Amino acid sequence: MRVVDLRSDTVTQPTQAMRETMLLADVGDDVYGEDPTVNLLQQRLADDLGFEAGLFVPTGTQSNLLALMAHCERGDEYLVGADAHTFRWEGGGAAVLGSIQPQPIPQDADGTLPLDKVAAAIKPVDPHFARTKVLALENTWWGRVLPLDYLKAAHDFSRERGLGLHLDGARLFNAAVACDVPAREIARHFDSVSVCLSKGLGAPVGSVLVGSHALIDKARRWRKVTGGGWRQAGLLAAAGIYALDHHVARLADDHRRAAYLAGCLREIAGVNLLGQFTNMVYVDVPAGRLKDLDVHMRAAGVRISIGYLPTLRLVTHLDVDDEGVERVVEAFRSFFARG
Ligand SMILES: *Cc1c(COP(=O)(O)O)cnc(C)c1O
(Lines give C-alpha, C1' and ligand atoms only; values in the text may rest on other atoms or scores of the structure.)
Protein backbone atom coordinates (compact mmCIF):
# COMPACT_ATOMS: atom_id res chain seq x y z
CA MET A 1 0.00 0.00 0.00
CA ARG A 2 1.48 3.35 -1.05
CA VAL A 3 1.42 5.81 1.83
CA VAL A 4 -0.64 8.98 1.32
CA ASP A 5 1.63 11.63 2.79
CA LEU A 6 -0.24 14.84 3.59
CA ARG A 7 2.47 16.43 5.76
CA SER A 8 3.64 18.79 3.04
CA ASP A 9 3.96 19.21 -0.71
CA THR A 10 7.72 18.83 -0.24
CA VAL A 11 7.51 15.03 0.12
CA THR A 12 7.00 14.21 -3.57
CA GLN A 13 9.17 11.68 -5.41
CA PRO A 14 10.64 12.76 -8.75
CA THR A 15 8.65 11.05 -11.51
CA GLN A 16 10.29 8.56 -13.86
CA ALA A 17 10.13 11.08 -16.72
CA MET A 18 11.72 13.76 -14.54
CA ARG A 19 14.54 11.37 -13.56
CA GLU A 20 15.17 10.53 -17.22
CA THR A 21 15.39 14.23 -18.08
CA MET A 22 17.87 14.73 -15.25
CA LEU A 23 20.09 11.90 -16.52
CA LEU A 24 20.35 13.48 -19.95
CA ALA A 25 21.06 17.07 -18.83
CA ASP A 26 24.02 18.95 -20.30
CA VAL A 27 26.14 20.21 -17.42
CA GLY A 28 29.18 22.37 -16.68
CA ASP A 29 30.79 24.23 -13.78
CA ASP A 30 28.24 26.78 -12.63
CA VAL A 31 30.80 28.72 -10.55
CA TYR A 32 32.19 29.67 -13.99
CA GLY A 33 28.64 30.30 -15.20
CA GLU A 34 29.12 27.37 -17.57
CA ASP A 35 26.28 25.02 -16.74
CA PRO A 36 23.98 25.33 -19.76
CA THR A 37 21.01 23.73 -18.00
CA VAL A 38 21.29 26.00 -14.97
CA ASN A 39 21.55 29.00 -17.31
CA LEU A 40 18.49 27.81 -19.19
CA LEU A 41 16.43 27.41 -16.02
CA GLN A 42 17.46 30.83 -14.70
CA GLN A 43 16.67 32.61 -17.95
CA ARG A 44 13.47 30.63 -18.45
CA LEU A 45 12.00 31.72 -15.12
CA ALA A 46 13.26 35.28 -15.48
CA ASP A 47 11.59 35.52 -18.91
CA ASP A 48 8.39 33.82 -17.77
CA LEU A 49 8.06 36.16 -14.78
CA GLY A 50 9.15 39.34 -16.59
CA PHE A 51 12.59 39.90 -15.02
CA GLU A 52 16.10 40.40 -16.38
CA ALA A 53 17.89 37.59 -14.57
CA GLY A 54 17.53 34.58 -12.32
CA LEU A 55 19.66 32.67 -9.81
CA PHE A 56 19.29 28.98 -9.03
CA VAL A 57 19.79 28.13 -5.35
CA PRO A 58 19.28 25.00 -3.23
CA THR A 59 16.44 26.27 -1.04
CA GLY A 60 13.75 28.90 -0.64
CA THR A 61 15.35 29.93 2.63
CA GLN A 62 18.60 30.78 0.84
CA SER A 63 16.73 32.48 -1.98
CA ASN A 64 14.86 34.78 0.42
CA LEU A 65 18.05 35.43 2.38
CA LEU A 66 20.01 36.40 -0.73
CA ALA A 67 17.16 38.65 -1.88
CA LEU A 68 17.13 40.50 1.44
CA MET A 69 20.94 40.78 1.42
CA ALA A 70 20.77 42.14 -2.13
CA HIS A 71 18.12 44.73 -1.23
CA CYS A 72 19.72 45.77 2.07
CA GLU A 73 23.04 46.74 3.62
CA ARG A 74 24.18 46.13 7.20
CA GLY A 75 21.93 48.07 9.57
CA ASP A 76 19.00 48.21 7.17
CA GLU A 77 15.54 46.84 7.90
CA TYR A 78 12.90 44.75 6.14
CA LEU A 79 9.18 44.89 6.86
CA VAL A 80 7.62 41.44 6.96
CA GLY A 81 4.51 39.61 8.15
CA ALA A 82 4.71 38.41 11.73
CA ASP A 83 3.60 34.96 10.52
CA ALA A 84 5.61 35.04 7.29
CA HIS A 85 8.08 32.29 6.48
CA THR A 86 10.79 34.89 5.92
CA PHE A 87 10.39 36.10 9.48
CA ARG A 88 9.46 33.05 11.55
CA TRP A 89 10.69 29.98 9.74
CA GLU A 90 14.11 30.86 8.36
CA GLY A 91 16.18 30.77 11.52
CA GLY A 92 16.52 34.54 11.70
CA GLY A 93 18.99 34.31 8.81
CA ALA A 94 18.58 37.90 7.61
CA ALA A 95 19.62 39.15 11.06
CA VAL A 96 22.23 36.44 11.69
CA LEU A 97 23.96 36.55 8.32
CA GLY A 98 22.88 39.85 6.80
CA SER A 99 22.85 42.16 9.84
CA ILE A 100 19.38 43.15 8.60
CA GLN A 101 16.74 43.94 11.20
CA PRO A 102 13.29 42.41 10.71
CA GLN A 103 10.27 44.57 11.54
CA PRO A 104 7.34 42.16 11.85
CA ILE A 105 3.86 43.46 11.02
CA PRO A 106 0.77 41.54 12.24
CA GLN A 107 -1.02 40.11 9.22
CA ASP A 108 -4.73 40.11 8.52
CA ALA A 109 -6.38 36.67 8.31
CA ASP A 110 -6.03 36.69 4.51
CA GLY A 111 -2.24 37.12 4.74
CA THR A 112 -2.13 40.77 3.70
CA LEU A 113 -0.13 43.31 5.70
CA PRO A 114 -2.40 46.34 6.20
CA LEU A 115 -0.58 49.16 4.40
CA ASP A 116 -1.42 51.74 7.10
CA LYS A 117 0.38 49.50 9.63
CA VAL A 118 3.27 49.08 7.20
CA ALA A 119 3.45 52.87 6.76
CA ALA A 120 3.47 53.39 10.53
CA ALA A 121 6.41 50.99 10.88
CA ILE A 122 8.67 52.82 8.41
CA LYS A 123 11.45 54.47 10.39
CA PRO A 124 12.37 58.15 10.06
CA VAL A 125 15.73 58.90 8.46
CA ASP A 126 17.65 59.49 11.67
CA PRO A 127 20.74 57.87 13.24
CA HIS A 128 18.56 56.32 15.97
CA PHE A 129 16.86 53.99 13.55
CA ALA A 130 17.58 51.16 11.19
CA ARG A 131 17.01 52.22 7.58
CA THR A 132 13.77 50.74 6.25
CA LYS A 133 14.59 49.34 2.81
CA VAL A 134 12.25 46.62 1.70
CA LEU A 135 8.79 45.16 2.19
CA ALA A 136 8.52 41.37 1.93
CA LEU A 137 5.21 39.66 1.11
CA GLU A 138 4.33 35.97 0.80
CA ASN A 139 1.96 34.43 -1.78
CA THR A 140 0.47 31.97 -1.21
CA TRP A 141 0.52 32.41 2.56
CA TRP A 142 -0.53 29.24 4.41
CA GLY A 143 -2.28 28.42 1.16
CA ARG A 144 -4.10 31.74 0.98
CA VAL A 145 -3.88 33.71 -2.26
CA LEU A 146 -3.18 37.43 -1.84
CA PRO A 147 -5.77 39.46 -3.80
CA LEU A 148 -4.40 40.92 -7.05
CA ASP A 149 -5.66 44.41 -6.18
CA TYR A 150 -3.76 44.23 -2.87
CA LEU A 151 -0.56 43.45 -4.79
CA LYS A 152 -1.15 46.49 -6.97
CA ALA A 153 -1.73 48.65 -3.88
CA ALA A 154 1.42 47.28 -2.22
CA HIS A 155 3.37 48.03 -5.39
CA ASP A 156 2.12 51.63 -5.57
CA PHE A 157 2.79 52.07 -1.85
CA SER A 158 6.35 50.77 -2.14
CA ARG A 159 7.06 53.17 -5.05
CA GLU A 160 5.67 56.14 -3.10
CA ARG A 161 7.75 55.29 -0.05
CA GLY A 162 10.92 54.34 -1.93
CA LEU A 163 10.92 50.75 -0.69
CA GLY A 164 11.98 47.63 -2.53
CA LEU A 165 9.27 44.96 -2.79
CA HIS A 166 10.16 41.27 -2.43
CA LEU A 167 7.87 38.29 -2.88
CA ASP A 168 8.41 34.99 -1.13
CA GLY A 169 6.63 33.11 -3.90
CA ALA A 170 7.49 29.63 -2.68
CA ARG A 171 4.04 28.70 -4.03
CA LEU A 172 3.70 31.47 -6.63
CA PHE A 173 2.37 29.02 -9.22
CA ASN A 174 -0.34 27.78 -6.85
CA ALA A 175 -1.45 31.41 -6.53
CA ALA A 176 -1.35 31.94 -10.30
CA VAL A 177 -3.33 28.79 -11.05
CA ALA A 178 -5.89 29.68 -8.36
CA CYS A 179 -6.30 33.20 -9.84
CA ASP A 180 -6.30 31.79 -13.37
CA VAL A 181 -3.63 34.29 -14.46
CA PRO A 182 -0.09 33.80 -15.79
CA ALA A 183 2.41 33.89 -12.89
CA ARG A 184 3.92 37.08 -14.30
CA GLU A 185 0.64 38.91 -13.54
CA ILE A 186 1.51 38.39 -9.87
CA ALA A 187 5.30 38.72 -10.21
CA ARG A 188 5.18 42.02 -12.13
CA HIS A 189 4.35 43.98 -8.98
CA PHE A 190 7.65 43.02 -7.32
CA ASP A 191 11.36 43.89 -7.58
CA SER A 192 12.40 40.34 -6.69
CA VAL A 193 10.58 37.03 -6.51
CA SER A 194 11.67 33.73 -4.99
CA VAL A 195 10.02 30.59 -6.35
CA CYS A 196 10.35 27.04 -4.95
CA LEU A 197 10.67 24.18 -7.43
CA SER A 198 10.57 21.57 -4.65
CA LYS A 199 7.06 22.26 -3.31
CA GLY A 200 3.98 21.71 -5.46
CA LEU A 201 6.07 21.66 -8.64
CA GLY A 202 7.58 18.37 -7.54
CA ALA A 203 11.30 18.87 -8.24
CA PRO A 204 13.66 17.22 -5.76
CA VAL A 205 15.70 20.35 -4.98
CA GLY A 206 15.84 24.03 -5.75
CA SER A 207 14.50 27.53 -5.79
CA VAL A 208 15.05 30.39 -8.21
CA LEU A 209 15.36 34.07 -7.33
CA VAL A 210 14.52 36.51 -10.13
CA GLY A 211 15.19 40.25 -10.32
CA SER A 212 17.22 42.88 -12.17
CA HIS A 213 20.77 42.15 -13.37
CA ALA A 214 22.12 44.32 -10.55
CA LEU A 215 20.09 42.55 -7.87
CA ILE A 216 20.96 39.08 -9.14
CA ASP A 217 24.68 39.96 -9.38
CA LYS A 218 24.63 40.94 -5.70
CA ALA A 219 22.66 37.82 -4.79
CA ARG A 220 25.16 35.64 -6.68
CA ARG A 221 28.02 37.09 -4.69
CA TRP A 222 26.16 36.45 -1.40
CA ARG A 223 25.31 32.93 -2.56
CA LYS A 224 29.04 32.25 -2.91
CA VAL A 225 29.80 33.88 0.44
CA THR A 226 27.15 31.77 2.18
CA GLY A 227 28.64 28.62 0.66
CA GLY A 228 26.06 28.12 -2.03
CA GLY A 229 28.14 27.96 -5.21
CA TRP A 230 27.14 25.06 -7.45
CA ARG A 231 29.17 22.93 -9.78
CA GLN A 232 27.35 20.58 -12.23
CA ALA A 233 23.95 21.60 -10.87
CA GLY A 234 22.34 21.18 -14.28
CA LEU A 235 21.31 17.70 -13.11
CA LEU A 236 19.03 19.44 -10.62
CA ALA A 237 18.09 22.38 -12.84
CA ALA A 238 16.85 19.87 -15.44
CA ALA A 239 14.27 18.66 -12.92
CA GLY A 240 13.19 22.27 -12.39
CA ILE A 241 12.73 22.87 -16.12
CA TYR A 242 10.80 19.63 -16.40
CA ALA A 243 8.57 20.73 -13.52
CA LEU A 244 7.88 24.11 -15.15
CA ASP A 245 6.96 22.35 -18.39
CA HIS A 246 4.77 19.62 -16.89
CA HIS A 247 3.70 20.36 -13.34
CA VAL A 248 2.21 23.87 -13.34
CA ALA A 249 -1.25 23.41 -14.88
CA ARG A 250 -1.78 20.25 -12.85
CA LEU A 251 -1.65 22.27 -9.60
CA ALA A 252 -5.36 22.78 -10.28
CA ASP A 253 -5.78 19.04 -9.55
CA ASP A 254 -4.18 19.52 -6.12
CA HIS A 255 -6.56 22.41 -5.41
CA ARG A 256 -9.55 20.39 -6.59
CA ARG A 257 -8.56 17.45 -4.38
CA ALA A 258 -8.04 19.72 -1.37
CA ALA A 259 -11.50 21.23 -1.93
CA TYR A 260 -13.02 17.75 -2.24
CA LEU A 261 -11.23 16.56 0.91
CA ALA A 262 -12.46 19.63 2.82
CA GLY A 263 -16.02 19.03 1.61
CA CYS A 264 -15.94 15.42 2.85
CA LEU A 265 -14.35 16.29 6.20
CA ARG A 266 -17.00 18.96 6.77
CA GLU A 267 -19.64 16.20 6.69
CA ILE A 268 -17.97 14.10 9.39
CA ALA A 269 -19.38 14.65 12.86
CA GLY A 270 -16.63 15.71 15.25
CA VAL A 271 -14.32 17.17 12.61
CA ASN A 272 -13.86 20.91 13.02
CA LEU A 273 -12.88 22.07 9.55
CA LEU A 274 -11.20 25.49 9.69
CA GLY A 275 -10.81 26.10 5.99
CA GLN A 276 -9.31 25.13 2.65
CA PHE A 277 -7.01 27.32 0.61
CA THR A 278 -5.40 26.15 -2.66
CA ASN A 279 -3.67 22.85 -1.79
CA MET A 280 -4.05 23.11 1.98
CA VAL A 281 -6.81 21.98 4.33
CA TYR A 282 -6.87 23.03 7.99
CA VAL A 283 -8.59 21.00 10.69
CA ASP A 284 -8.78 21.77 14.38
CA VAL A 285 -8.16 18.59 16.36
CA PRO A 286 -8.10 18.77 20.18
CA ALA A 287 -4.42 18.59 21.25
CA GLY A 288 -5.18 15.54 23.42
CA ARG A 289 -6.37 13.53 20.40
CA LEU A 290 -3.59 14.33 17.94
CA LYS A 291 -1.33 11.45 18.95
CA ASP A 292 -4.20 8.93 18.68
CA LEU A 293 -5.16 10.37 15.33
CA ASP A 294 -1.58 10.03 14.11
CA VAL A 295 -1.42 6.36 15.15
CA HIS A 296 -4.79 5.68 13.49
CA MET A 297 -3.70 7.42 10.28
CA ARG A 298 -0.40 5.56 10.07
CA ALA A 299 -2.27 2.27 10.38
CA ALA A 300 -4.45 3.40 7.47
CA GLY A 301 -1.42 4.30 5.37
CA VAL A 302 -1.77 8.06 5.81
CA ARG A 303 0.89 10.43 7.16
CA ILE A 304 -0.03 13.68 8.89
CA SER A 305 2.18 16.28 10.51
CA ILE A 306 1.59 16.84 14.18
CA GLY A 307 3.45 19.21 16.44
CA TYR A 308 4.66 21.90 14.04
CA LEU A 309 1.50 23.96 13.73
CA PRO A 310 -1.29 24.77 16.18
CA THR A 311 -3.82 23.17 13.81
CA LEU A 312 -3.65 20.12 11.58
CA ARG A 313 -2.61 21.04 8.03
CA LEU A 314 -3.28 18.54 5.25
CA VAL A 315 -1.47 19.24 1.98
CA THR A 316 -2.26 17.76 -1.44
CA HIS A 317 0.42 17.33 -4.11
CA LEU A 318 1.69 15.37 -7.09
CA ASP A 319 1.75 12.08 -5.16
CA VAL A 320 -1.81 12.29 -3.82
CA ASP A 321 -4.40 10.93 -6.26
CA ASP A 322 -8.20 10.61 -6.04
CA GLU A 323 -7.96 7.16 -4.52
CA GLY A 324 -5.53 8.49 -1.90
CA VAL A 325 -7.97 11.23 -0.95
CA GLU A 326 -10.74 8.64 -0.53
CA ARG A 327 -8.49 6.67 1.81
CA VAL A 328 -7.85 9.80 3.89
CA VAL A 329 -11.58 10.54 4.12
CA GLU A 330 -12.30 6.95 5.16
CA ALA A 331 -9.57 7.08 7.82
CA PHE A 332 -11.00 10.30 9.28
CA ARG A 333 -14.50 8.77 9.21
CA SER A 334 -13.46 5.67 11.10
CA PHE A 335 -11.46 7.64 13.66
CA PHE A 336 -14.26 10.05 14.48
CA ALA A 337 -16.89 7.27 14.40
CA ARG A 338 -15.13 5.91 17.50
CA GLY A 339 -16.18 9.14 19.22
C1 LIG B 1 9.13 26.18 1.96
C2 LIG B 1 9.02 27.64 2.04
C3 LIG B 1 10.14 28.46 2.01
C4 LIG B 1 11.57 27.96 2.10
O5 LIG B 1 11.90 26.94 1.31
P6 LIG B 1 12.98 25.83 1.76
O7 LIG B 1 13.34 25.26 0.45
O8 LIG B 1 12.28 24.90 2.68
O9 LIG B 1 14.12 26.54 2.41
C10 LIG B 1 9.94 29.82 2.01
N11 LIG B 1 8.72 30.34 2.06
C12 LIG B 1 7.62 29.59 2.11
C13 LIG B 1 6.28 30.25 2.14
C14 LIG B 1 7.73 28.21 2.10
O15 LIG B 1 6.63 27.46 2.17
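Mentor: T140 has its place in the loop between β5 and α7 (148-160), helices (H or I, at least four residues) and strands (E, at least two) being DSSP runs numbered from the N terminus. The model is predicted, so local features need pLDDT of at least 70 and side-chain atom pairs count only at pLDDT 80 or more, while totals for chains, interfaces and linings use all residues. Residues are numbered from 1 along each chain as its sequence is written, and side-chain values use heavy atoms, with hydrogens and water left out.

Trainee: What makes the peptide bond from N139 to T140 cis?

Mentor: Its omega is near 0 degrees, and the bond from N139 to T140 is cis on that account. Both N139 and T140 are also in contact with R171 (heavy atoms within 4.5 Å), a residue in the loop between β6 (164-169) and α8 (172-179).

Trainee: Why is R171 called buried?

Mentor: The relative accessible area of R171 is 11%, and buried means under 20%, exposed over 50% and partly exposed in between (1.4 Å probe, protein chains only), so R171 falls in the buried class. Leaving aside neighbours within four places in sequence, R171 also contacts other residues, among them S8, D9 and K199.

Trainee: Why is α3 called oblique to α10?

Mentor: Their axes come within 8 Å and cross at roughly 120 degrees, the axes being lines fitted to C-alpha atoms, for helices over the stretch in contact, with angles from 0 to 180 degrees between N-to-C directions. Angles under 35 degrees count as roughly parallel, over 145 as roughly antiparallel, 65 to 115 as roughly perpendicular and the rest as oblique, so α3 is oblique to α10. The contact includes L66 and M69 of α3 and W222 of α10.

Trainee: What makes β2 and β4 edge strands?

Mentor: Seven strands form an open sheet in the order β2-β8-β7-β6-β5-β3-β4, with mixed pairing, where two strands pair if DSSP finds at least two bridges between them. Because β2 (53-57) and β4 (101-105) each have a single partner strand, one side of each is left without a neighbour in the sheet.
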